[in-house]
Amino acid sequence: MAPWCYCLLAFLIRSLSGTPSNSPGELRNPWVTGPVAPGEVVETADEVCKFPGQRLSWWQAQESCEQQLGHLVLPPPDELLAAQLPDPIWVGQREAPLQRPPQRRARSTATLMFSERSADRAARLRTPLPALGALTACAHVQWDATSSDPAALFSLAVPTLANALQLRAFAEPGGAVHAALVVRGHHAPFRAAFRADGRWHHVCVTWEQLGGRWSLFADGRRRSGARGLGAGHPLPPDGILVLGQDQDSLGGGFSARDAFSGNLTDFHLWARALSPGQMHRARACAPPPGGLLFRWDLGALDVTPSLLPPVWVRLLCPVPSEECPSWDPAPHTEGSLLCLQPLPFLCCYRTEKYRRLQDAQSWPGQDVISRVNALANAIVLLPDPLSEAHGDLSLTEAANFLRILEGVLAKEAAPLGPAALLAVLHFLKRVAALGTWEPEPTTGPWEQLGQAVMSVASLVLEEPLAGVWLSVSEVAGGPMALVASVQRLAPLLNSVLTSERPRMHLQHRHAGLEVRRLHLREASTEGYVFTVPGGHPEGPGHILIPAAEVRRLLGKGLSGVTVIHSWFSSSVFQHTLGAPDQEPRAPDSSEETSRMQRFLSTQVGSAIISSEVWDETGEANTAVTFHLQHQAQAFPPKLVEPVCAFWNFSISPDSGGSWATTGCSVTAMYQGSTACFCNHSTNFAVLLQVYDVQRGPEEESLLRTLSFVGCGVSFCALSTTFLLFLAAGVPRSERATVHKNLTFSLASAEGFLMASEWAKANKVACLAVTAVMHLLFLVAFFWMLVEGLLLWSKVVAVSMRPGPRMPLYYATGWGVPVAIVAISLAMSPRDYVATGHCWLNVHTDAIWAFVGPVLFVLTANTCILVRVVIVTVSSARRRARMLSPQPCMQQQLRIQMWATVKPVLVLLPVLGLTWLVGVLVHLSPAWAYAAVGLNSLQGPYIFLVYAAYNGEVRSALRRMTEKKAAEAFTARSSPTGPGFHSRPSCPWEVARDDPRVLAPPQRHLALRGTHGPRIPTTFSSIAEPERPAVELTAFKASGF
């Protein structure tokens, strides 16, 4: 059918249905491309977007969409949607969570108004300044947007230098204000600092004589900076500071040409360079006191009469200068505008989610909604989650409505329906937004409101509602949306606290909240502990802000903070917040690490507890430790492994977030509880990862026993081999030296491995044992690599003048492992050791400091062995042809098979290739037994092949035995009686006493080119190769 037929058919169907194509609330006809109307819904390829028709700030727009369970449209909008946008709109951020607006507070401050450029308008600091090796100057400025000529915001002159320091700027009409710092007459380049919009902006400059480092900050962001400006010399003492003028002489020489035009207030000067965090405090009108030379005070200034009297203005701190993402449909580009500027916006949903929300009006629970609205005589709960609440909600109304809702929920016998639960969540989101946009907390019944919110939250977390939560979790984000609403409301309850009542505690069955003002000096010794109901401050059920974190806050200049703790305990979280998609983490404990298990699921295994610290400028991040009791759950016969986690709202924000583990680790595991550390503050819980155990306790015990016994046997064999090499006096050679280092390192590593179980109780001893084992096992493997390199040099890449290679071998065998262990300890000292046993932590990248080098060594040695086998087989084939021009097929096959098997049998253990079986352990328990057996036999095999049947060792032992026998014979035959006179003996006399002298002398020769047949009879003999270099190695049992 032609395309136009489809269009005609669609038009006829819509016409017959009688539905207008552009009615509000309905999906818009995709063929209509006119401007989108208020309340209209447009369906794109991936989602459905609704146009509310309001103009709000970016934060309010984001809050409005979030209350309606949607999100701001993400840039760039769909082409169909972009074509229908007449004006710029707010858009969302892809990689950012739902952001809170900055916490602002209003304050009245005296302002100097430089209404015009004039030489008689200035303010001078009465007190001369000391010598300055570093400084920071900050001020709130309203720059005259019409002032396009450079002017001095402030200047510092000293007796010997007029232009010691000044901040100059000019406004680009319709653009930005460009600023530059001048130090000791050296001028930095002008850089755009803030918009020339006539609004208040916060400006800071820093300078240090060390390296001449300087920076320019505006509205909390670093705009420019460099090095080399007035470096090496401090600003001389007795400096004069003047606001609004450029000094051509000490304290004078003003000119209208360089005069500032605009308004200035809140100027502060420090004798040090502030950090960005400290400048954020200054921007929030809470200047850090350390190093402060001048705090804004008109009484400390000599102000010219033309600037008097000062004007008192109401300043919001921090000033609203943040910029938020927007989309301009005219040029189809993404930009940024002032966040408080009102703009239209679009709320978007995934198509499937929007369809489900449309059906919510038919879900069970509408009776509860009707009952609450009837009792309140107002629309408190919305029957349609996609509709918008009309009118503003006051604090008193919210408290009254919550009391009505609390009464209805408490009396409700049957569980809430999904529609009622969605409506309650929507209303709690509205309540949590109260006072968010006000610079000062609204006065009213905040405590009653908090009590009602916590009561309603506890009622909707009752266990019978778990199924209802599960049914709405895909559209509402699950119960963590309730947690987010409570935590958003909590900072506003700070207004209830006073010096007489520094703590407010709200507690209900399934939820609790504590807001407390904390004096940091009182908690600087032991930290601050919050205990959940039924918990213990030193056991399960507490969260601790460590004393070190409290002292860190004190170091930032804070004296007091507001600490907010909340907890939620309900089986609803266990039923709805499992993490089936979370990447499973391996067990931590040594007993469980060796088990074979199959990952099944992740479940919430404890209460959810949160910690927040707020100062006067906003939330302060702190590290915490917490200890939580596992909630009773039956998992027989499965393995349960605890994981410390936090809820990250920025992961999949459309679905409400997800669990994450970044920055959190298990510090201790107990029977039924887990202790954790996290380097940030948020919502925490202990997750239980459930594994299906594939080996029973008896099989597990047998494997542990076999491993320990095999390790002991290997340790004894390797120790004996090493001692034989030392005691027998084996001639020094590269091969013997390499064998000695290999056996020593491998025996030492296995010795420490057997003793590691006794070091678990002491953290320092466990760390030391782990580092030593890490080092010794790496040394053993790298000497295995050296064995392979030496074999390569003797068989494959033969050199008649090899030169000294032992320094290189020592650097490889000992130097590289030492470097790897040192770097690993330096980079991740906290994540180096696993919890529960003394070995590397397999949950972090520390394990790759062992696995990576081992895999490299095994791969290299495998390639070397394959190449050696090829050379050996080729040599055996040529020798067979030389011995018999026409050998029978059976004899030729036997010789080649032996030439293949012999080097493999001899070299397999010394090259460490038996460890390759460990890669297959996870496939089947049979491979676990194979790995234990092969690695246990490595030591005895090395002893047999490279010591017991080693020609050099046996010859050395024979020589040692003969030497001792000769010494004993000499001692017996030497007369010691009185009257004995010694005389020299002739050879025949010696021969008569020692028959061995009469035998012909034996010589040990390396016969080359011999064509007689030789049949291998021991490990030391193989088919004789043709090349002399191959014969030099001869694949002796001592290593080749």
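Are Trp-647 and Trp-659 buried or exposed?

A: Both Trp-647 and Trp-659 are buried in this predicted model. The structure holds 16 aromatic pairs in total when ring centres within 6.5 Å are counted. In the pair formed by Trp-647 and Trp-659, the ring centres lie 5.1 Å apart and the planes stand at 90°, so the arrangement is edge-to-face. Trp-647 belongs to strand E33 (residues 638-648) and Trp-659 to strand E34 (residues 658-660), so this pair ties together parts that are 12 residues apart in sequence.

Another edge-to-face pair is made by Phe-781 and Phe-850, with 6.2 Å centre to centre and 80° between the planes. Here the elements are helices: Phe-781 lies in helix H18 (residues 763-796) and Phe-850 in helix H20 (residues 848-883), so the pair ties together parts that are 69 residues apart in sequence. Phe-781 and Phe-850 are both buried. These two residues also belong to one aromatic cluster, together with Phe-777 and Trp-839.

Burial may also be followed along a whole strand. In strand E30 (residues 608-615), 8 of the 8 residues are buried, so the strand is largely enclosed by the rest of the structure. In a regular strand, side chains alternate between the two faces of the sheet. Accordingly, Ile-608, Ser-610, Glu-612 and Trp-614 point one way from E30, while Ile-609, Ser-611, Val-613 and Asp-615 point the other way, and all are buried.

The strand partners of E30 complete this view. Strand E28 (residues 560-568) pairs with E30 in the antiparallel sense over 7 bridges, and Val-563 stands opposite Val-613 of E30. Strand E31 (residues 618-620) is likewise antiparallel to E30, over 3 bridges. A hairpin of 2 residues joins E30 to E31, and Asp-615 has Gly-618 in E31 as its bridge partner.

The side chains of His-510 and Glu-462 are joined by a polar contact of 3.3 Å. Leaving aside residues up to four places away in sequence, His-510 touches Ser-458, Leu-461, Glu-462, Trp-567, Phe-568, Ser-569 and Ser-570.

How values were computed: Residues are numbered from 1 along each chain as its sequence is written. This is a predicted model: local features need pLDDT of at least 70, side-chain atom pairs count only at pLDDT 80 or more; totals for chains, interfaces and linings use all residues. Side-chain values use heavy atoms; hydrogens and water are left out. Rings of Phe, Tyr and Trp (its six-membered ring) pair if their centres lie within 6.5 Å; planes under 30 degrees apart count as stacked, over 60 as edge-to-face and the rest as tilted. Helices (H or I, at least four residues) and strands (E, at least two) are DSSP runs, numbered from the N terminus. Buried means under 20% relative accessible area, exposed over 50%, partly exposed in between (1.4 Å probe, protein chains only). Two strands pair if DSSP finds at least two bridges between them. A polar contact is a pair of N or O atoms within 3.5 Å; within protein, one must be able to donate a hydrogen and the other to accept it, and residues adjacent in sequence count only if both atoms are side-chain atoms. Contact means heavy atoms within 4.5 Å.
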